[in-house]
Amino acid sequence: MTEVKSPSLGSYDPSCVDFNGLSCALLLILTLTLPTVRADWPEFRGPRGDGHVPASGDKPIGLPLTWSETNNIKWKTEIPHRGWSTPVVKGGQVWLTTATVEGNDYFATCLDKETGKILFNEKVFHTDNPEPLGNGASMNCYATPSPVIEPGRVYVHFGSAGTACLDTKTAKVIWKRTDLPCRHYRGPSASPVVFENLLILTFDGADLQYTAALDKKTGKTVWKTDRSVVWNDENVPGPMAKDGDLRKSHGTPLIANVGGKSQLISVGAKASYGYEPRSGKELWRVEYNDWSSAPRPLYENGLAYIVTGLRTKELWAVKPDGQGNVTDTHVAWKLATHIGKYSSPLLVDGLIYTAAEESFVTCLEATTGTVVWTERIGGKYAGSPIYADGRLYFPSQDGVMTVLKPGRTFEVLAKNTLDAGFMASPAADGKALYLRTKTHLYRVESASDTK
């Protein structure tokens with residue numbers, strides 16, 4: 001292990017061919033050869049869970065570079081109540097979650113993608129006595145986990161307050177669960193993840209720490225796996241240990257293809273884990289003295305990248321092919337300087353970009369952890385960046401979106417400001433960005449595309 005120090009398309013069906021006119025065959029050829037722009041933003045951090053906006057071939061998608069309250073805004077819609085969840089986009093709809101500030105009522109909200117009109121604002125759950133956020137209210141709220149959308153269904157999650165599946169055409173509840181316990185202690189944050197027939201949920205609270213998989217069709221529990229790390233915090237002095245801070249976490253897991261097999265890479269308090277997603281079996285774990293990790297992991301070329309939490313704020317590169325406790329054998333490198341503690345890292349062409357809460361962005365080599373550059377761009381960062389059209393988009397808590405050029409040389413391409421700050425992460429669909437501020441949802445698109 002090296003500890004790094006930082007310096008300052010379609011399938012062919014022969015039965016469809018019309019041999020008299022070959023019309024179907026010609027249509028097939030056209031379908032396979034014409035470039036397409038991949039649409040949809042189905043979950044937190046996009047189709048692959050890594051912040052990349054998918055494109056077809058080498059042609060740019062056409063996402064906007066610049067905007068303001070009076071420029072390149074197709075629509076702007078005020079969202080009731082409060083929520084930090086990332087919007088998801090599919091089938092002409094944009095879905096997000098929101099909740100009353102006090103945490104009594106929880107809503108699934110749907111907007112028309114073209115007009116920004118609110119189509120549904122369905123109250124899905126109610127609680128008379130919500131768990132207080134305490135001082136977590138400065139960064140969290142009751143509707144932080146992002147939805148997941150599939151054809152005909154959207155899944156919304158509010159931690160222990162409830163999880164539900166809704167019909168996207170009617171907003172009617174197909175199934176719901178309110179019996180998955182967890183004292184989140186400062187609010188839930190981990191978003192659900194879909195894998196095959198499963199909806200996977202993460203509960204890392206002050207009292208209970210586990211991962212559960214529900215059947216997508218019925219909502220019934222398929223498996224449940226408790227975190228296996230030994231806490232040993234019973235005699236640790238101070239209120240954080242007493243109140244359960246040292247056992248909670250906020251990270252959304254990632255499904256990765258590791259050596260040809262699917263693996264659920266999950267960040268928790270005091271340890272991160274690899275699970276077999278169909279059964280919930282723990283494969284490996286790495287341990288550290290940290291808690292309240294929020295960034296989503298990354299995976300590429302045999303390395304998983306995890307942020308340990310709030311205290312040490314280290315970025316670790318882990319080889320996810322071990323068994324059991326692999327802390328001493330499978331950690332390739334660590335970096336402990338200017339690591340984003342809320343914002344997830346972004347990996348592009350062998351370089352990782354991480355936006356620290358205190359205004360720094362750091363670029364480092366993914367294979368070695370060697371820092372390429374660290375620059376102060378201003379602002380604090382909770383939402384996670386995205387990559388598209390050769391650009392890196394970083395949303396700050398004060399409403400400024402800084403656009404950087406990726407690479408070994410630091411270059412700012414644009415700075416764009418909206419009226420309220422970003423706690424949610426950006427979403428993209430076609431040539432449009434969907435940006436959720438603390439008060440509104442925007443569709444941001446180049447003026448030539450909004451006419």
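**Strands, rings and loops**

Let me start with a strand pair. Strand β26 (residues 360-365) and strand β27 (residues 371-376) run antiparallel and are joined by five bridges. Strands here are DSSP E runs of at least two residues, helices are H or I runs of at least four, and both are numbered from the N terminus. Two strands pair if DSSP finds at least two bridges between them. Leu364 sits opposite Val371 in β27. Together β26 and β27 make a hairpin with five residues between them. In that turn, Gly369 has a positive phi of about 80 degrees.

Now the ground rules. This is a predicted model, where local features need pLDDT of at least 70 and side-chain atom pairs count only at pLDDT 80 or more, while totals for chains, interfaces and linings use all residues. Residues are numbered from 1 along each chain as its sequence is written, and side-chain values use heavy atoms, with hydrogens and water left out.

On confidence: pLDDT is the predictor's confidence in each residue, from 0 to 100. The protein averages 91, and 91% of the residues score at least 70. Over residues 5-38, though, the pLDDT is below 50. That stretch still has 27 contacts in the model beyond near neighbours in sequence. Contact means heavy atoms within 4.5 Å.

Next, the open sheet. Five strands form it, in the order β15-β16-β17-β18-β22, with mixed pairing. Which strands stand at the edges? β15 (254-258) and β22 (324-325) do; each has a single partner strand, so one side of each is left without a neighbour in the sheet. Inside that order, β16 (residues 261-267) and β17 (residues 271-276) run antiparallel, joined by four bridges. Ile265 has Gly274 in β17 as its bridge partner. As background, strands of a sheet pair through backbone hydrogen bonds, either parallel or antiparallel.

Between β16 and β17 there is a loop, and Lys270 lies in it. Lys270 has a positive phi of about 70 degrees, although it is not a glycine. Most residues other than glycine have a negative phi. Arg186 is another such case: its phi is near 105 degrees, a positive value in a residue other than glycine. Arg186 is in the loop between β10 (173-177) and β11 (193-195). Is Arg186 buried or exposed? Buried, with a relative accessible area of 17%. The cut-offs are under 20% relative accessible area for buried, over 50% for exposed, and partly exposed in between, with a 1.4 Å probe and protein chains only.

On to the rings. Phe, Tyr and Trp rings (the six-membered one for Trp) pair if their centres lie within 6.5 Å; planes under 30 degrees apart count as stacked, over 60 as edge-to-face and the rest as tilted. The whole structure has 13 aromatic pairs. One of them is stacked: Tyr273 with Tyr275, 5.6 Å centre to centre and 10 degrees between the planes. Both of those tyrosines are buried. Elsewhere, ring pairs link Tyr106, Phe125, Tyr142 and Phe158 into a cluster.

Two charges sit over rings. The criterion is NZ of Lys or CZ of Arg within 6 Å of the ring centre and within 35 degrees of the ring normal. Arg183 has its charged end over the ring of Tyr185, 5.3 Å from the centre. Lys224 does this over Tyr210, at 4.5 Å.

Now some loop residues. Asn72 lies between α1 (23-33) and β2 (73-78). Asn72 is buried, at 13% relative accessible area. Glu445 is 373 residues away from Asn72 in sequence, yet 5.2 Å away in space, C-alpha to C-alpha. A polar contact is a pair of N or O atoms within 3.5 Å; within protein, one must be able to donate a hydrogen and the other to accept it, and residues adjacent in sequence count only if both atoms are side-chain atoms. The side chain of Asn72 reaches the backbone nitrogen of Ala447 at 2.8 Å. A polar atom of that side chain also lies 2.8 Å from the backbone oxygen of Thr66.

Thr100 is in the loop between β4 (93-99) and β5 (105-112). Thr100 is buried, at 13%. Beyond its neighbours within four places in sequence, Thr100 contacts His81, Asp105, Phe107 and Tyr142.

Last, Lys117. This one is in the loop between β5 and β6 (118-126). Lys117 is exposed, at 57%.
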